[in-house]
Amino acid sequence: MCPRGPARSAPASRVFVRQSRTGCGQPSRWSRADWQHGGVTAATDSPLFPRVPDSPDAVLGGLDPEQREVATALHGPVCVLAGAGTGKTRAITHRIAYGVLAGILPPASVLAVTFTNRAAGEMRGRLRQLGAAGVQARTFHSAALRQLQFFWPRAVGGELPRLLERKVQLVAEAAARCRLRLDRNELRDVTGEIEWSKVTQTVPEDYPAAVAASPREAPRDPAETSRVYALYEQLKRERSVIDFEDVLLLTVGVLQDRPDIAETVRGQYQHFVVDEYQDVSPLQQRLLELWLGGRDSLCVVGDASQTIYSFTGATPDHLLNFRVRHPEATVVKLVRDYRSTPQVVHLANGLLSQARGRAAEHRLELVSQRDPGPHPAYAEYADEPAEAEGTAQRIRALLDAGVPASGIAVLYRINAQSEVYEQALADAGVPYQLRGAERFFERPEVREAGVALRGAARAGGNDSLLDDAVDLPSQVRAVLATKGWTPEPPAGSGAARDRWESLAALVRLAGDFAAARPEASLAELVAELDERANAQHAPTVEGVTLASLHAAKGLEWDAVFLVGLTEGVMPITYAKSEEQIEEERRLLYVGVTRARRHLVLSWALARSPGSRGGRRPSRFLDGLRSGSGSGSAAARPRGGSGGIERGRGGARARGPRSPVRCRVCGRTLTDPGELKLMRCEDCPSDLDEVLYERLREWRAEQARLLGQPPYCVFTDKTLLAIAETVPGDDAALARISGVGRRKLERFGADVLALCAGEELRGEAVPKSREK
């Protein structure tokens, strides 16, 4: 057994990639062939029942260099800037599993936090498959509620007040007592304002000033909303109920006021992972800080370009300021996109290239790792029914070409747009499912099927249903046939088809389970279903997905149809400020990056047949589709990565960046280490070994004078590049990756002297130490 884990990751406030190490601190054996060109799979493209890794090194198999950096950076604060489709969930779950199997992270001491029950369930499922089943993966609210329920008798006394499932009825009563008559939409708006106030820790009397100071636009008179908010809080106290925001507020209050309880929680959890960190609200950030208690064992993952929930109080500032709060943090960027084709990635990069604001300044330029596919298609229709019918026909063609219905999605800006697509798909005989329906394992037919399978497993050979069943899949088919499953689906759509699709998903799961574990019994399958139900790790249900763009976050499909892309819908009509417009752009970016291969963007010129076609396509498509102009500047493709780069904020625009090619074989380079060397790792090196050793000796002396590790002067890769190219002047030295302006000023004279074969006289004192 290794006496200790990986060496502490070197403090850094920059992005870097180094060779990963095993639990004993020795370099693990891996090469580019292990992960490039198909060796790394997308996070959701793994086998359904993979073998549990039997060693820490086995956990690292198939990760690319940056993902390995995430997995092996187990000490101190870590910030992962992860673009869409780059395998962020894969990286952080492998990080946890690597730490657990290496004996560095006790499973019970790790708390992984995310934002939706679905994401938490997926994370638990993956951790279980990686041999780290004891790790807690929960939403902020779920983790806080468990702690609140446990500590409430000790902190306050008695039982925790009842949790209010839906606050809108109580908000309606509060409004009525304020003599305000609100319709359903107005009630939703006021409820949203109350939720925003609570997650930003704004009390009722401060709401008018807070909303005036924020970029949000109040849906109604702030004074009225303040009165409703105050009365809503009073009604909750009178009836001894709390809402979901109170769960976080009360947990924060308990941890702040009771140091003994805070220490108990911190004794339980010593290591924290936060997914989707760009969506953290001020209240959630405060809770996280109380959980940490000044410690730094924190790994956060996020992408500012996917911030789409600011209306709930979410802000990317915590992600963007992470290095300010933690100067010693290890920061890793994941930009290799394993989900989408180069054509889809090109469009996604181009869409963000026109963005403005702080999040845009930190955007990640994705680099597709997939083979080329079809170009995104743009479609214009006379009216909305024609758009829906045309979309259904395209989907029918994809189904006929072999794309499964579960691999197709229709995404729209608001839920009210779904009805016309439901009708069009039903008319075309295409099965569909609405995203946001009840959870899979809570469906009545799934619960009934579970009871039937459990009974058959207990009866074993005494159940006559199983007399003719020769294997596990046939046993499941025989049992579920009594609940309505048939080899062929019922015609049309509706409740009968929905029920059949649920049962068919269980049949397919049984087949996959038997293929992975040929000797498995029906009882073992039932146990697997129970574990999946506890983790909310649902199987795939066949049917085209209809979902809003917000609901599609975190999901992906082979084919995505982005519909209704007109001004007033995308961006939505009430998005007025630049911040709101940019969030709408990011929302469309999220939609684009859901597509693996096929992407269609469409709009209708009129709402209904015969109406005047006065609508315009979304401004976000300007400069991206053929024949369209750009409202600000022409989009220019960036070499190599397929994106577009533009000047921002009046700064001088930079010209297109050419692909970085190997100076030996000419191949386009994307690996950071190869970019530093300006050649492929496998290409012949013309290294001046004498110069390289002199540079290493010089670097060691400089590091001693600075009191810093040697890599803070120059990394090994940068020294190799210098010793291979042997620059003769400042310009040639500056062209080497890793030699920036500051290092050129500080170390350039010495390096060029060494390259020229000159002897250095005395010790060069760094400029920062000069008096």
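Visitor: Let's zoom in on H23: how many of its 15 residues are buried?

Guide: Twelve of the 15 residues in H23 are buried, so the helix is mostly covered. Before going on, some housekeeping: this is a predicted model, where local features need pLDDT of at least 70, side-chain atom pairs count only at pLDDT 80 or more, and totals for chains, interfaces and linings use all residues. Residues are numbered from 1 along each chain as its sequence is written, and side-chain values use heavy atoms, with hydrogens and water left out.

"Buried" here means under 20% relative accessible area, "exposed" means over 50%, and "partly exposed" is in between (1.4 Å probe, protein chains only). Helices (H or I, at least four residues) and strands (E, at least two) are DSSP runs, numbered from the N terminus.

Helix H23 covers residues 578-592. From its first C-alpha to its last it reaches 21 Å, close to the 21 Å expected at 1.5 Å a residue; that expected span is 1.5 Å times one less than the number of residues. The buried set in H23 includes charged names such as Glu 582, Glu 583, Glu 584, Arg 585 and Arg 586, and also Ile 581, Leu 587, Leu 588, Tyr 589, Val 590, Gly 591 and Val 592.

A cis peptide bond joins Met 570 and Pro 571, with omega at about 5°.

Two other backbone spots are worth a click. Gln 201, in the loop between H7 and helix H8 (207-213), is a residue other than glycine with a positive phi, near 60°. Ser 240 is not a glycine either, yet its phi is positive at about 55°; you'll find Ser 240 in the loop between helix H9 (222-239) and S5. Gln 201 has a relative accessible area of 42%, so it counts as partly exposed, and Ser 240, at 44%, is partly exposed too.

Now the charges. A salt bridge is a side-chain nitrogen of Lys or Arg within 4 Å of a carboxyl oxygen of Asp or Glu, and a search of the whole structure finds 41 of them. One of them pairs Arg 336 with Asp 64, the closest N and O atoms being 3.7 Å apart. That pair links distant parts of the chain, 272 residues apart: Arg 336 sits in strand S9 (residues 336-337), Asp 64 in the loop between helix H1 (56-60) and helix H2 (65-72). Arg 336 and Asp 64 are both buried.

Asp 243 and Lys 198 form another salt bridge, at 2.9 Å between the closest N and O atoms. Asp 243 is in the loop between strand S5 (241-242) and helix H10 (244-257), while Lys 198 is in helix H7 (residues 184-199), 45 residues apart. Both Asp 243 and Lys 198 are buried. Salt bridges with shared partners join Lys 198, Glu 233, Lys 236, Asp 243 and Asp 246 into one network.
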